[in-house]
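Have the structure open and follow along.

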Amino acid sequence: MEFLTNEKLVIVGAAGMIGSNMAQTAMMMHLTPNICLYDPYAPALEGVAEELRHCAFEGVNLTFTSDVKEALTGAAYVVSSGGAARKAGMTREDLLKGNAAIAEEFGKNVRAYCPEVKFVVVIFNPADITGLITLLYSGLKPSQVATLAALDSTRLQSELAKWFKIPADEIKNARTYGGHGEQMAVFASTTTVAGQKLTDLIGTDALPEKEWEAMQQRVIQGGKHIIDLRGRSSFQSPAYLSIEMIAAAMGGKPFRWPVGTYVHSGEYNHIMMAMETNINHNGVTYHLVDGTPVEKKELDQSYHHLCELRDEVIAMGVLPPIDKWHELNSNID
């Protein structure tokens, strides 16, 4: 059996629905034979491990533990869904206080037990903030920590595919940037629909302006819609996309979607947010995006919203003031 790497991949929060799906996806994609499942809830964790073994995947050395030191020691890649899940009536931001504390502990554990880790993906909400906290406490380079932001772009692609009644892969470069939350910036200028610019279609009979506005809101509320339909938050899509991110970092095929990354550009500073990115064996890199004046305004608003959440975490005492960040993590300017 051929794998992308033999290095250790750790799934944090593996007893949950996202974590268990991440583990199964990683094995189906043949990322590595060396997969460790971690969760503090031991009975459910053992149940996940047992069921995955019943799948009879070839060549995989699956281990599991509720000891975080045992789990993270020797890890080359880590992906964490280990925060509280979003429930009906909650926004991603409602999870801030509890999951900020979890992110702090996670970052400290990474620093203590796997400082040589190559790449870490954080997907528990609000991911922009929990990813930032993880980065600061882990001591890692900004290129080594990323958050899952792709879901918003895939939801835009899905909405457009449904509206135009065409296969999703005929929608190219569907993009949202900024925050993974209520203030995300939904772009049209990057997207083509069956070879046509989306901006040329908006405001025509093909896609009336009011329908485009409604579509943007469906994208923004895509996670809420899943909760309304299924009674629980998304787990299949975040699991798959986060493992695709890990695969790209292992040297697999390029990741096709925006990634949440640490941005310090002069225009947007000291923040984790979705940008146009590239993931490879060196980690994640980004470049700033350009859009229409309306899109740029929405991206600026998203950035300022994220700054408010960041400053709220600083006020809580979870993070030090920005001018002290370098003392916490020497890789942060």
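Three helices, α6 (150-164), α9 (222-230) and α10 (236-249), each put at least two residues into the lining of the second largest pocket. Keep in mind as you look that this is a predicted model. Which helix gives the most to that lining? It's α6, with 6 residues. The whole lining runs to 15 residues, and the ones nearest the pocket's centre are Arg-155, Ser-158, Gly-222, Ile-226 and Ser-234. What kind of residues are they as a set? By class, the lining of this pocket splits into 7 polar, 5 charged and 3 nonpolar residues. The space inside comes to about 260 Å³.

Now stay with α6 and look at its packing against another helix. Two packed helices can be described by the angle between their axes and the distance between those axes. For α6 and helix α8 (residues 209-220), the axes come within 9 Å and cross at roughly 140 degrees. That angle is why α6 counts as oblique to α8. As for handedness, the α6 and α8 crossing is right-handed. If you want to see who touches whom, pick out Asp-152, Arg-155, Leu-156, Glu-159, Leu-160 and Trp-163 on α6; they meet Glu-211, Trp-212, Met-215, Arg-218 and Val-219 on α8. Sorted by class, the residues of this contact are 6 nonpolar and 5 charged, with no polar ones. Notice that Arg-155 turns up in this helix contact and also among the residues nearest the centre of the second largest pocket.

On the α5 side you'll find Asp-128, Ile-129, Leu-132 and Ile-133, which meet Leu-306, Leu-309, Arg-310 and Val-313 of α11. By class that contact has 6 nonpolar and 2 charged residues, and no polar ones.

The peptide bond from Asn-125 to Pro-126 is cis, with omega near -10 degrees.

Ala-56 isn't a glycine, yet its phi is positive, at about 60 degrees.

Definitions and conventions. Residues are numbered from 1 along each chain as its sequence is written. This is a predicted model: local features need pLDDT of at least 70, side-chain atom pairs count only at pLDDT 80 or more; totals for chains, interfaces and linings use all residues. Side-chain values use heavy atoms; hydrogens and water are left out. On a 1 Å grid over the protein atoms alone, a cavity is a set of points where a 1.4 Å probe fits but cannot get out, and a pocket is an open set with protein on both sides within 12 Å along at least five of seven lines; lining residues have an atom within 4 Å of a point. Grid points are joined across faces, edges and corners, and a volume is the space filled by probe spheres set on the points. Helices (H or I, at least four residues) and strands (E, at least two) are DSSP runs, numbered from the N terminus. Ala, Val, Leu, Ile, Met, Phe, Trp, Tyr, Cys and Pro count as nonpolar, Asp, Glu, Lys and Arg as charged, and the others, Gly among them, as polar. Axes are lines fitted to C-alpha atoms, for helices over the stretch in contact, and angles run from 0 to 180 degrees between N-to-C directions. Angles under 35 degrees count as roughly parallel, over 145 as roughly antiparallel, 65 to 115 as roughly perpendicular and the rest as oblique. A crossing is left-handed if the near helix is turned anticlockwise from the far one by less than a right angle, and right-handed if clockwise. Contact means heavy atoms within 4.5 Å.
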